[in-house]
Amino acid sequence: MTSLTRREFIKQTGVASTTLVAPFYLTNLSSNKKMEKNNTHFDVIIVGGSYSGLAAGMALGRALRKVLIIDSGKPCNRQTPHSHNFITQDGKTPQAIAELAKLQVQQYPTVSFFEGLAIQGAKTKDGFEIQTKSGKIFQAKQLIFASGIKDIFPDIEGFAQCWGISILHCPYCHGYEVRNKPTGILGNGELGFEFARFITNWTKDVTLYTNGPSTLTADQTTKLKNLNIKIEEAHIKRFIHEKGHLKHIQFKGRDTTAISVIYAKVPFVQHCGIPETLGCVLNEDGFLQVDPKQQTSVEGVYACGDNTTRMRTVANAVSMGTTAGMMSNKAFVLSNF
Ligand SMILES: Cc1cc2nc3c(=O)[nH]c(=O)nc-3n(C[C@H](O)[C@H](O)[C@H](O)COP(=O)(O)OP(=O)(O)OC[C@H]3O[C@@H](n4cnc5c(N)ncnc54)[C@H](O)[C@@H]3O)c2cc1C
């Protein structure tokens, strides 16, 4: 198939919006209609159609495999205004990167898309079955989970609204844009200690907010003080913000303090529970255990992207997705010999 320019794509599909989000949604809808006419059996079903799933889909589409990508449209970075540290796409919106990726994967005719939530998976005689919330059942010989993780926010008013905008998860993704600003770290103990001293390369004005009594060791406290890192133990009542842009921290029973940037590491759960129900092993950090081929502990089931690694970046998600797609195809090739 020859590749389509954006103009040609719009002409053929009738999708002609100037916004970035609308075409993403509309092309999914038309994909669902297309799905009705097709059968329900695939070589590979990919659960998760964000950066990692689309990369896997591209590798498999280019290998002429019949693929279904099921996506519920909730990538973890959706609230972030701009994405950084992914070469060629630095500073683009997360939606623009995903839209371009999807546009490119859609050009491979053996790849289909389904907008919806996969809620159940089972092993069958010939492979696997995936059921969606809307009641559709799809079959495939192999599965790839590119389903990401779900962040669990602390129960502090304003945190969720600021996430990805002024409460940040990663200095490699957003640290350059807020370099040299007075910066807070929300954390305590070993994690807070490591995060606070790590950030001193981006700014020398760092305060560790422990949100309650410090659990730092005496040695850690001394080390942070030697780096001029302040430690604030007061309980946080809320983050005062304007449309996600942090202005002040309000402490319980105390004054507020002005600040515009905070880093926080938050706990997470797997976004999709199906791999576990299929028997895929999680490692002690809660990630799906994979080998260098992105194969999980269950044969024929691959995983890639955030659900498998602490190295949480778009570039890594794409890299792992590409590997998963290529290795999944190789497994088909080898099974013929
Ligand atoms: C706030 C924030 C800001 C970030 N900023 C940057 C940045 O600037 N630069 C950078 O490189 N990285 C950034 N990251 C990290 C980056 O967003 C992730 O590494 C990347 O999104 C991982 O891609 P993924 O495909 O593995 O998962 P995701 O992008 O999270 O996508 C998972 C997809 O799977 C779908 N899904 C899950 N379960 C199901 C199911 N059961 N059925 C159907 N679909 C399902 C979800 O709806 C979602 O679309 C940021 C992360 C966060 C949280």
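At what angle do helix 3 and helix 4 pack, and how far apart are their axes? In this predicted model, helix 3 and helix 4 (residues 94-105) pack at an angle of about 20°, and their axes are 9 Å apart.

## Helix 3 and helix 4

Angles under 35 degrees count as roughly parallel, and helix 3 is therefore roughly parallel to helix 4. The crossing in which helix 3 passes helix 4 is left-handed.

On the side of helix 3, the contact involves Tyr-51, Leu-54, Gly-57, Met-58 and Gly-61. These residues meet Ala-98, Ala-101, Lys-102, Gln-104 and Val-105 in helix 4. By class, this contact of helix 3 with helix 4 comprises six nonpolar residues, three polar residues and one charged residue.

## Surroundings of the ligand

The ligand has 40 residues around it, of which Gly-48, Ser-50, Gly-148, Gly-164 and Gly-305 come nearest. Helix 3 (51-62) is one of the elements that give two or more residues to this shell. The others are strand 2 (67-71), helix 6 (171-174) and helix 10 (314-335).

When the shell around the ligand is sorted by class, 20 residues are polar, 15 are nonpolar and five are charged.

An open sheet is formed by five strands in the order 8-15-9-10-11, with parallel pairing. Strand 8 (167-168) and strand 11 (230-232) stand at the edges. Each of these two strands has a single partner strand, so one side of each is left without a neighbour in the sheet.

Within this order, strand 9 (residues 183-186) pairs with strand 15 (residues 261-264) in the parallel sense, over four bridges. Ile-185 stands opposite Tyr-263 in strand 15.

## Helix 7 and helix 8

A further helix pair is formed by helix 7 (residues 189-198) and helix 8 (residues 218-226), whose axes come within 11 Å and cross at roughly 15°. Helix 7 and helix 8 are therefore roughly parallel to each other. Helix 7 passes helix 8 in a left-handed crossing.

Phe-193, Ala-196 and Arg-197 are the residues of helix 7 in this contact, and they meet Gln-220, Lys-223 and Leu-224 of helix 8. By class, the contact of helix 7 with helix 8 holds three nonpolar, two charged and one polar residues.

Key:
Residues numbered from 1 in each chain as written. Predicted model: local features only at pLDDT ≥ 70, side-chain atom pairs only at ≥ 80, totals over all residues. Axes fitted to C-alpha atoms, helices over the stretch in contact; angles between N-to-C directions. Parallel < 35°, antiparallel > 145°, perpendicular 65-115°, else oblique. Left-handed = near helix turned anticlockwise from the far one by under 90°. Contact = placed C-beta atoms within 7 Å. Nonpolar A, V, L, I, M, F, W, Y, C, P; charged D, E, K, R; others polar. Pairing = 2+ DSSP bridges. Near = placed C-beta within 6 Å.
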